[in-house]
Amino acid sequence: MFLSRKAPPACPHFGICGGCYYPSDAYEHSLKVKDENLRSQFSSLLSTHSSFLGIVPASQLSDFRNKMEFSFFQTVDGKKALGLMSNKKPRFAVPIASCFVAGDTFISCLESVRSWWYNHPEISAYFAPKNKGSLISLIIRKSNVSGELLIVITSSGATEYKLSPKQVDALVDNLLATTLPITSVVWEEKHAQRGHPTFFSQKILHGQGFLWQKLPATTKARDLLFKVYAKSFFQPNPQQAALIPQIIADFIRPTGKEQILDLFCGAGTLGICLADSVKTVQGIEIVPDAVNSAKENIFINQLEEKVSVSLSDAKTFCRSLTTFSPERSLTSAILHPDVVIVDPPRCGMQSKTLKYLIRINAPRIIYVSCNPKTQLEECLSLSKEGYKLTSMKAVDQFPFTNHIENIVLMEKTKALP
């Protein structure tokens with residue numbers, strides 16, 4: 001089960017920067033710990049030893065991330081650092097000079113921004129508790145189609161801390177003067193004022209402001225393209241992310257007649273990847289930008305006849321399937337789902353959504369989670385309502401950390417009373 005492979009080079013920042021929990025030569029050990037933890041956590045639901053199909057190891061142990069976020073930090077005496085936040089207290093930014101999980105391209109870009117900032121002593125780092133200072137974060141995104149880079153700088157939008165056009169231009173010029181494949185630079189401002197909701201505004205300074213990413217369809221007949229904007233969600237380890245819809249397809253063994261309800265669908269990635277294998281997919285998402293992105297990617301991949309996404313919270317939609325409520329019009333695309341996929345945030349579905357999901361009485365529920373603890377609690381609730389865990393498989397998306405993506409199939413074994 002556990003692979004033997006050459007470890008990445010030793011990291012000089014291990015134990016300080018807070019990114020990796022295990023040294024680079026201990027991958028098999030970290031994987032074994034995750035396996036044992038999952039088996040122990042779900043022991044009460046795993047009816048047979050074969051129910052747990054193990055963890056799919058990472059296919060790539062270095063240079064696997066397509067997104068990194070770095071923080072601008074400044075001490076009270078003015079010492080600057082741009083890097084990853086430490087896991088020590090009090091927290092500080094570690095000005096990393098290498099990172100094997102990200103790769104040299106990310107570090108070169110980081111060093112270019114760092115050099116610009118260090119040469120501008122008048123520009124400070126943002127301090128959130130007092131809403132003071134200018135620079136907040138640097139996000140670097142990399143396309144797995146072309147290798148191109150999208151850069152996002154976030155700073156304060158407060159009048160007294162806004163950077164001047166000359167300062168901003170100097171940074172863009174500094175980035176574009178490198179040999180890095182930078183095709184988009186986006187500037188984002190945070191507007192925070194006491195007594196008012198915090199919001200962010202964006203301006204594209206260079207390029208189109210998006211990247212192309214790809215994932216394979218579960219039929220493996222084609223690659224699917226995704227238009228990813230500056231702050232759009234897309235899995236940071238695409239090699240491993242591609243395994244998740246494939247595992248779901250293996251669990252449900254689609255015949256092409258299935259109607260799928262995809263709750264917490266985000267930008268619709270799972271549904272789009274499954275679409276060629278099933279009849280229809282109805283996605284539900286509460287974030288407007290994610291819904292717009294999903295609709296765009298459905299169109300790009302010519303799946304308008306199979307996939308649709310509605311703006312709604314999961315609780316409201318599930319309730320509309322079980323009651324004659326005013327929201328019933330939302331359900332025109334699907335009334336009796338054969339499979340419900342849930343991929344909620346770390347906090348889980350929450351009790352009311354779970355209550356209405358149970359009332360839908362779908363034959364199969366696929367639960368995808370990056371937080372097995374919450375996932376287990378909600379799967380236990382499903383088991384009390386006639387569902388049985390029949391298959392479970394995990395994907396190691398974040399090597400050298402304690403994080404895991406777990407996929408569970410719950411099947412209905414008895415009718416509701």
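1. A quick word on terms before we start: a contact, or touch, means heavy atoms within 4.5 Å. This is a predicted model, where local features need pLDDT of at least 70, side-chain atom pairs count only at pLDDT 80 or more, and totals for chains, interfaces and linings use all residues. Residues are numbered from 1 along each chain as its sequence is written, and side-chain values use heavy atoms, with hydrogens and water left out.

2. Let's begin with S156, which sits in strand β6. Helices (H or I, at least four residues) and strands (E, at least two) are DSSP runs, numbered from the N terminus. Leaving aside residues up to four places away in sequence, S156 touches Y126, G133, S134, I136, Y161, K162, E189 and K190. S156 is buried, at a relative accessible area of 1%; buried means under 20%, exposed over 50%, and partly exposed in between (1.4 Å probe, protein chains only). Its side chain also reaches the backbone nitrogen of A158, at 3.1 Å.

3. Now for the sheet around β6. Strands β5 and β6 (residues 149–156) pair in the antiparallel sense over 7 bridges, and R141 stands opposite L150 in β6. Two strands pair if DSSP finds at least two bridges between them. Both belong to an open sheet of 7 strands with mixed pairing, in the order β4-β3-β2-β5-β6-β7-β8. The edges are β4 (93–94) and β8 (199–206); each has a single partner strand, so one side of each is left without a neighbour in the sheet.

4. Not counting residues up to four places away in sequence, G266 touches E285, A290, V291 and A294. P288 is 22 residues from G266 in sequence, and the two are 9.5 Å apart in space, C-alpha to C-alpha.

5. Which residues of α8 are buried? They are A314, T316, F317, C318, S320 and L321, and what covers them includes β11, β12 and α9 (351–360). At the start of α8, a side-chain oxygen of D313 reaches to within 3.2 Å of the backbone nitrogen of K315.

6. On cysteines: how many disulfides does a search of the whole structure find? The count is 0, a disulfide being a pair of cysteine sulfur atoms within 2.5 Å. For C20, the nearest cysteine sulfur is that of C17, 6.3 Å away; C20 is buried, with a relative accessible area of 19%. For C265, the closest cysteine sulfur is in C318, at 12 Å, too far for a bond. C265 is buried as well, at 9%.

7. Last, confidence. pLDDT is the predictor's confidence in each residue, from 0 to 100. The chain averages 92, and 94% of the residues score at least 70. Among its elements, helix α8 (residues 314–322) has the lowest mean pLDDT (90), and strand β5 (residues 135–142) the highest (98). Over residues 327–332 the pLDDT is below 50, though this stretch has 13 contacts in the model beyond near neighbours in sequence. Where pLDDT is low, the predicted coordinates should not be read in detail.

Note on methods. Polar contact = N/O pair within 3.5 Å; in protein donor to acceptor, adjacent residues only side chain to side chain.
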